Every structure is written in C-alpha cells, then in structure tokens.
Amino acid sequence: LGKPVTDWNVKGIKEAEARVFYREKYIVGPGFHALSSDFLKALVVDAAVNHGPRAATKWLQRAAGVQQDGALGPITIRQVNRTDDVVLALKFLAYRVKFYGYLVTRDPSQAVFAHGWNARAAKWLERLVVHYTGG
C-alpha cells in the first residue's frame, strides 16, 4: 500500500486487491513470472511469501548453480529454465528444510513451528511426485 498498515487495513482488504498485491510483491516484482515451469514457480512463490523473495531467489540460484545475489536476472532465469525442474525443486526444498533447522538452532523457541514447517515441505514433495509421475 506504500504506507504502514494496521490489522484493520488487512482485515478490510478485498480478495481482488490481495491478489494484485501478492502478484506484484511475490510473482512479478521479484521476476518469478519468468520461470517456465509452473510447478517450480509455485514452489518458489510459496517460499517467497514465507521467507521473503530475496531468500527464495538465493535458494533458486543455489539450486541452479549460479551466483547467489538474491536478484533474479537473465542469467538465473536462463539457467533455471534450461535445468531439469525436478532436480531444481528437490534441491530448493532441501535448502528450505535446512533453513528451518537453522532457525530452530539459532532460536530454540522456534521449535514449536518445526512440525508445521516440515509438513509444508513434505506437502511440496508429495505435489512434486504427483505432478511429475501422475501419482
């Protein structure tokens, strides 16, 4: 919105407004719309919503074997779009799960969230199997 918001502002947002916000902040803004794989795009956007677009971009760059600068430029996009989606998705998920471990190690009070975080990662693994094998 270009300004600090209150709980009231968030509760009053219309679905269409939320969709525009999410599309700009988590898909178009960081450049994820340029990813050719819809599955990988959804996975990366999910991580961007949870961890921020910069972290999601760095994990994607690491998985693709390019410089990790947190900016999705033409080199990263080209490499991602020509690399096997399954390999990228598995590497990306591995980095995400490792990050969860880092969060808990750094701050043990975060352990209460570990089950939910890992369940989310497992759900993506299940979707990956279904998407690429049909079952």
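Lys-123 forms a salt bridge with Glu-126, and the closest N and O atoms of this pair are 3.8 Å apart. The model described here is predicted. Both Lys-123 and Glu-126 belong to helix H7 (residues 114–133), where they stand three residues apart, about one turn of the helix. Lys-123 counts as partly exposed, at 43% relative accessibility. Glu-126 is likewise partly exposed, with a relative accessible area of 47%.

**Salt bridges**

The count of salt bridges in the model comes to five. Three of them are set out below.

| Salt bridge | Closest N and O atoms |
|---|---|
| Glu-15 with Arg-19 | 2.8 Å |
| Asp-46 with Arg-96 | 2.9 Å |
| Lys-123 with Glu-126 | 3.8 Å |

The salt bridge of Asp-46 with Arg-96 has its closest N and O atoms 2.9 Å apart. This pair links distant parts of the chain, since Asp-46 is in helix H3 (residues 38–51) and Arg-96 is in helix H6, 50 residues apart. Asp-46 and Arg-96 are both buried, a class that means under 20% relative accessible area. Through salt bridges that share partners, Asp-46, Arg-96 and Arg-120 are joined into one network.

**Packing of helices H4 and H6**

Arg-96 also takes part in the contact of H6 with H4. The axes of helix H4 (residues 53–64) and helix H6 (residues 85–106) come within 9 Å and cross at roughly 130°. An angle over 145 degrees would count as roughly antiparallel and one of 65 to 115 as roughly perpendicular; H4 and H6 are therefore oblique to each other. The crossing in which H4 passes H6 is right-handed.

On the H4 side, the contact is made by Ala-56, Trp-59, Leu-60, Arg-62, Ala-63 and Ala-64. Their counterparts in H6 are Leu-88, Lys-91, Phe-92, Tyr-95, Arg-96 and Phe-99. By class, the residues of this contact comprise nine nonpolar and three charged, with no polar residue.

Definitions and conventions. Residues numbered from 1 in each chain as written. Predicted model: local features only at pLDDT ≥ 70, side-chain atom pairs only at ≥ 80, totals over all residues. Heavy atoms only, no water. Axes fitted to C-alpha atoms, helices over the stretch in contact; angles between N-to-C directions. Helix = DSSP H or I, 4+ residues; strand = E, 2+ residues; numbered from the N terminus. Parallel < 35°, antiparallel > 145°, perpendicular 65-115°, else oblique. Left-handed = near helix turned anticlockwise from the far one by under 90°. Contact = heavy atoms within 4.5 Å. Nonpolar A, V, L, I, M, F, W, Y, C, P; charged D, E, K, R; others polar. Salt bridge = Lys/Arg side-chain N within 4 Å of Asp/Glu carboxyl O. Buried < 20%, exposed > 50% of the residue type's maximum accessible area, 1.4 Å probe, protein only.
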